[in-house]
Amino acid sequence: IPYASARVWARFGLLLLNGGVWEGRRVLPEGWVECMTTPSPASGRGDYGAQTWLNRGPAGRPDERPYPTLPPDMFKLEGYQDQFTAVIPSRQVVLVRLGMTTKGDFPLEAFISDILKGIPNP
C-alpha cells in the first residue's frame, strides 16, 4: 500500500491481529494469517514467514530470536527506512511507525518495549 496513512496501516494490522476478520466479516482466507506468521522452511533462524518478519527464533531456541525482550508472537511488516507495522497478538497491540531513519538503525526493540511498559497486559 504505497503512501498509506498510519491509520490505514493500523487498520491493516488490526485485520491481521483478528485473523483476517474485519467487523465480523472474513476478509482473508481462513488460515492465511497463520501461514504468514509461520516460519518459512528456508528461514533457519525462524525470523521470516510469508512476506512477514517474525520474532520466533530458530526451532527449539526461542532465546535467540531477533528481539529477545519482545513477545515471541510479534510479527511485523517492514517498509522503507525502518517504517513498520508490528502486531503483538498476546498483547492485543498494533504499532505503526512512519518516521524515517536516515542514519544507523532505528532502535525498534527499545521503542516497542517502552510502549509496552505503558500498556496493561490483557
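These legends walk through several close-up views of one predicted model. Residues are numbered from 1 along each chain as its sequence is written, and side-chain values use heavy atoms, leaving out hydrogens and water. Because this is a predicted model, local features need pLDDT of at least 70 and side-chain atom pairs count only at pLDDT 80 or more, while totals for chains, interfaces and linings use all residues.

**View 1. An open sheet of 4 strands has the order β3-β4-β5-β6.** The pairing is antiparallel, and the edge strands, β3 (53-54) and β6, each pair on one side only. Strands here are DSSP runs of E with at least two residues, helices are runs of H or I with at least four, and both are numbered from the N terminus. Two strands pair if DSSP finds at least two bridges between them. Start at β3, which joins β4 antiparallel over 2 bridges; Trp53 has Lys76 in β4 as its bridge partner. In general, strands of a sheet pair through backbone hydrogen bonds, either parallel or antiparallel.

**View 2. Strand β5 (residues 84-88) has both faces covered.** Buried means under 20% relative accessible area, exposed means over 50%, and partly exposed lies in between (1.4 Å probe, protein chains only). By that rule, 5 of the 5 residues of β5 are buried. Phe84, Ala86 and Ile88 sit on one side, with Thr85 and Val87 on the other.

**View 3. Two hairpins meet at β5.** Strand β4 (residues 75-78) pairs with β5 in the antiparallel sense over 4 bridges, with Phe75 opposite Val87. Between these two strands are 5 residues, and Gln81 in the turn has a positive phi of about 55 degrees. Follow the chain onward to β6 (residues 93-97), which runs antiparallel to β5 and is joined to β5 by 5 bridges. Here Val87 stands opposite Val94. This hairpin has 4 residues between its strands, and Gln92 takes a positive phi near 55 degrees.

View 4. Contact means heavy atoms within 4.5 Å; axes are lines fitted to C-alpha atoms, for helices over the stretch in contact, with angles from 0 to 180 degrees between N-to-C directions. Look for Leu16 in α1 (residues 6-17): this residue is buried, with a relative accessible area of 3%. Leaving aside residues up to four places away in sequence, Leu16 touches Leu28, Val33, Met36, Phe75 and Leu77.

**View 5. Phe84, Phe106 and Phe111 form a cluster linked by ring pairs.** Rings of Phe, Tyr and Trp (its six-membered ring) pair if their centres lie within 6.5 Å; planes under 30 degrees apart are stacked, over 60 edge-to-face, and the rest tilted. Phe84 and Phe111 are edge-to-face, 6.3 Å centre to centre with 80 degrees between the planes. They link strand β5 to helix α3, 27 residues apart. The rings of Phe106 and Phe111 have centres 5.1 Å apart and planes at 70 degrees, so this pair is also edge-to-face. Phe84 is buried at 4% relative accessibility, Phe106 is buried at 18%, and Phe111 is partly exposed at 31%. Finally, Arg97 lies over the face of Phe106, 3.6 Å from the ring centre (the rule asks for NZ of Lys or CZ of Arg within 6 Å of the ring centre and within 35 degrees of the ring normal).
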